Amino acid sequence: MRSRWIGPRWTPLVVVVLSLVGLALVPLTIGRDEASYAWLTGQLGGSEVYTLNVWFARAVPFILAAAIGFAVWQRLRGRSRDFIIDGEVHRHDTTTVVSHWVNGLGMLVCLVTAAWFVRWFQRPFDVETLYMLHFIGAALVLAAVAHHTTFQIVLGGRGLQPRLPEDLPMAAAETLGYAGVYSKKRSVLGIGLPLSIRRPLQRFIVRRLGLAPGEEDKYLASERILSYAPWVVLIGTVVITGLVKAARYVVPVPDGVLRVSTFLHDGAIVWIVALLFIHVAAVVLIPLNLPLLKSMVTTRISLDYVAKHLPRWYRRLEAENPGLQAAPPSPVTASDRPAAPVSNQPAAAP
């Protein structure tokens, strides 16, 4: 990034400051006139709802520019590394954690207000307040998505990008493991299938289907295939269609495009709610995955956990940190051992 950047390194910060100033001045550019569209019956000269829509549409470019500029400035400061301190290693940098939770908060606000819009629940506020809350949530999502996308593209980080076709069988094996097929440690609430059922089932799944637990990397195959990829699709759909819906307050948008965008934007709500439940359950209900949830709050994870459960990442850490030591892996019992051996897979770049 440094070698390709032309100009002073403080330029992105100037973009951030100018974007924030422009965002603050947006309300001053919005006026009312009798020609504006009255969204609420009986209100001439433009309603509060229409004004809020215009405000958000004009604010979008400044929100995106500020988030992108800030992400570029951060990357100009240097590439992040997996620092090891007091037996713990940084699995996520602080920026990733913050953007994750900002996006989560924004999505939650948008989902709740959307549920009120479609009257899944009784509305506790008037329409103007709901629109204001919805746009605040949308602004948080836009900022988080723009920052995350820029932050990763500039760095070239590929840790969460699916690695096809390698990840598909591993993600399938992890999902089966949640049902207690391989061991109790990887199953929901630590409840595994009886050994008399587990062993023949393992033989069928491993030998006939070719699915068996493999060596995990910094991020699980199921995280890349069953979590990150669907979130990219759904959030990308919501963001793009939301931008189309907002653009009609700035430029003409064909009615057909607007109808399709509205359909996809509203329909994504159901899928996002479903994926949210799956996303939370896969972490909370699997005891072995709880440290992964903790790392999304503290940024860190135990080095011993990495050595035992994320061996491909641990080998890279060993190569980068000579003399690195962690607790030896726990012995594999007969009930935990797969029905057929699994060959070690080559380590991949983070």
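Which residues have the most contacts inside the largest nonpolar core?

1. Basis of the note. This is a predicted model, in which local features need pLDDT of at least 70 and side-chain atom pairs count only at pLDDT 80 or more, while totals for chains, interfaces and linings use all residues. Residues are numbered from 1 along each chain as its sequence is written, and side-chain values use heavy atoms, with hydrogens and water left out.

2. The largest core. A nonpolar core is a set of buried Ala, Val, Leu, Ile, Met, Phe, Trp, Tyr and Cys residues joined through side-chain atoms within 4.5 Å, where buried means under 20% relative accessible area, exposed over 50% and partly exposed in between (1.4 Å probe, protein chains only). The largest such core has 31 residues, and F56, L142 and I272 are those with the most contacts inside it. Two or more residues each come from α2 (48-76), α3 (94-117), α4 (127-155), α7 (221-247) and α8 (255-284), and α2 gives the most, with eight residues. Helices here are DSSP runs (H or I, at least four residues), numbered from the N terminus.

3. Around I272. If its neighbours within four places in sequence are left aside, I272 is in contact (heavy atoms within 4.5 Å) with M107, L111, W231, L234 and V238. A second, separate core has 16 residues, among them V89, I286, Y314 and L324.

4. Aromatic pairs. Rings of Phe, Tyr and Trp (its six-membered ring) pair if their centres lie within 6.5 Å, and planes under 30 degrees apart count as stacked, over 60 as edge-to-face and the rest as tilted. By this rule the count comes to six aromatic pairs. The F56 and F135 pair is stacked, because the ring centres are 4.7 Å apart and the planes stand at 5 degrees. This pair links distant parts of the chain, with F56 in helix α2 and F135 in helix α4, 79 residues apart, and both residues are buried.

5. A tilted pair and its cluster. Y131 and F135 form a tilted pair, 5.8 Å centre to centre with 55 degrees between the planes; both lie in helix α4, four residues apart, about one turn of the helix. One aromatic cluster is formed by F56, F117, Y131 and F135.

6. The surface. A nonpolar patch on the surface, with about 920 Å² of accessible area together, includes W101, V188, L276 and L290. Both α8 and α9 (290-298) supply at least two residues each to the nonpolar patch. L290 is found in helix α9 and counts as partly exposed because its relative accessibility is 40%. Accessible areas come from the Shrake-Rupley method with a 1.4 Å probe, and for residues only the protein chains shown count as cover.

Key:
Patches are made of residues with over 30% relative accessible area and no salt bridge: like charges are joined within 9 Å, nonpolar side chains (Val, Leu, Ile, Met, Phe, Trp, Tyr) within 5 Å. A salt bridge is a side-chain nitrogen of Lys or Arg within 4 Å of a carboxyl oxygen of Asp or Glu.
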